[in-house]
Amino acid sequence: MWWVVVGALAVGLVVAYLVWTAGRVDRLHDRAEAAARALDAHLLRRAAAAAVLAERRYGVELYAAARIALDAQPEEREAAENDLTRQLRAVELDPADPDCEAVIAASRRLALARQVHTDLVRDARAARKRPLVRLLRMGARRPWPRYFDVDDPTLAVPADVAAG
């Protein structure tokens with residue numbers, strides 16, 4: 001009789017572990033999807049701030065890059081954002097100007113959102129690669145989380161401008 005209790009307890013523990021693992025995979029996917037939406041929102045904020053800045057100060061090339069980033073399709077988004085980052089690095093930003101400060105702040109928040117997204121995608125992909133998860137096809141109904149490969153969007157401010 002005791003072996004039935006031990007067997008039931010073992011089965012219960014295995015089932016509990018499998019349920020916990022499946023829930024963890026789902027939670028990681030949910031978090032990665034939420035991070036992707038937050039990253040997208042920060043990308044749009046930075047592009048909008050860059051468009052406003054370009055309209056008021058820097059002209060056509062920066063404005064065109066900002067508009068392309070705002071209007072880009074998902075498959076073109078990484079290239080458009082990288083181009084916008086290059087254009088923003090090419091101009092000299094004055095942190096005393098409110099429009100420049102908005103772009104700098106948006107770029108900092110974007111860098112943080114990108115790091116969070118990258119970390120969550122890495123964790124979700126690692127969970128999906130575990131042998132038991134693959135064997136039982138946990139998370140198979142969801143697409144693999146994708147990295148967003150963009151240059152570091154943090155903008156450097158000249159030291160003499162930042163100090164003064």
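Tutor: The answer below begins with the chain as a whole and then turns to the salt bridges one by one. Please keep in mind that this is a predicted model.

The protein chain contains 6 helices and 0 strands, so read from the N terminus its elements follow the order α-α-α-α-α-α. Along its principal axes, the C-alpha trace spans about 85 × 35 × 20 Å. The radius of gyration is 23 Å, whereas a compact globule of 164 residues would have a value near 15 Å. Of the 164 residues, 35% count as buried. Among the contacts with a separation of 6 or more, 74% are made by residues 24 or more positions apart. The accessible surface of the chain comes to about 10000 Å², and carbon and sulfur atoms account for 59% of that surface.

We now come to the part you asked about. Side chains of opposite charge can pair when their charged atoms come close. A search of the whole structure finds 12 salt bridges.

Arg67 counts as partly exposed because its relative accessibility is 33%, a value between the limits of 20% and 50%. Asp71 is likewise partly exposed, since its relative accessible area is 48%.

Helix α3, made of residues 77-90, holds both Glu81 and Arg77. These two residues also lie 4 residues apart, about one turn of the helix, and their side chains meet in a salt bridge at 3.4 Å, N to O. Here both Glu81 and Arg77 are buried, which means that each has under 20% relative accessible area.

A further pair, Asp119 and Arg122, is found in helix α4, residues 98-128. Because Asp119 and Arg122 are 3 residues apart in this helix, about one helical turn separates them. The distance from N to O in their salt bridge is 3.3 Å. Asp119 has a relative accessible area of 25% and is therefore partly exposed. Arg122, with 42%, is also partly exposed.

One is Arg137, located in the loop between α5 (131-135) and α6 (159-163). Most residues other than glycine have a negative phi. Arg137, however, has a positive phi, near 55°, although it is a residue other than glycine. Arg137 counts as exposed because its relative accessibility is 61%.

The other place is a nonpolar surface patch of about 680 Å², to which Met1, Trp2, Trp3, Val4 and Val6 contribute. Met1 is found in the segment before α1, the helix of residues 2-58. With a relative accessibility of 74%, Met1 counts as exposed, because this value is over 50%.

Definitions and conventions: Residues numbered from 1 in each chain as written. Predicted model: local features only at pLDDT ≥ 70, side-chain atom pairs only at ≥ 80, totals over all residues. Heavy atoms only, no water. Patch = residues over 30% accessible without salt bridge, like charges linked within 9 Å, V, L, I, M, F, W, Y side chains within 5 Å. Areas by Shrake-Rupley, 256 points an atom, 1.4 Å probe, with all protein chains shown as cover. Salt bridge = Lys/Arg side-chain N within 4 Å of Asp/Glu carboxyl O. Buried < 20%, exposed > 50% of the residue type's maximum accessible area, 1.4 Å probe, protein only. Rg over C-alpha atoms; globule rule 2.2 N^0.38 Å. Contact = heavy atoms within 4.5 Å.
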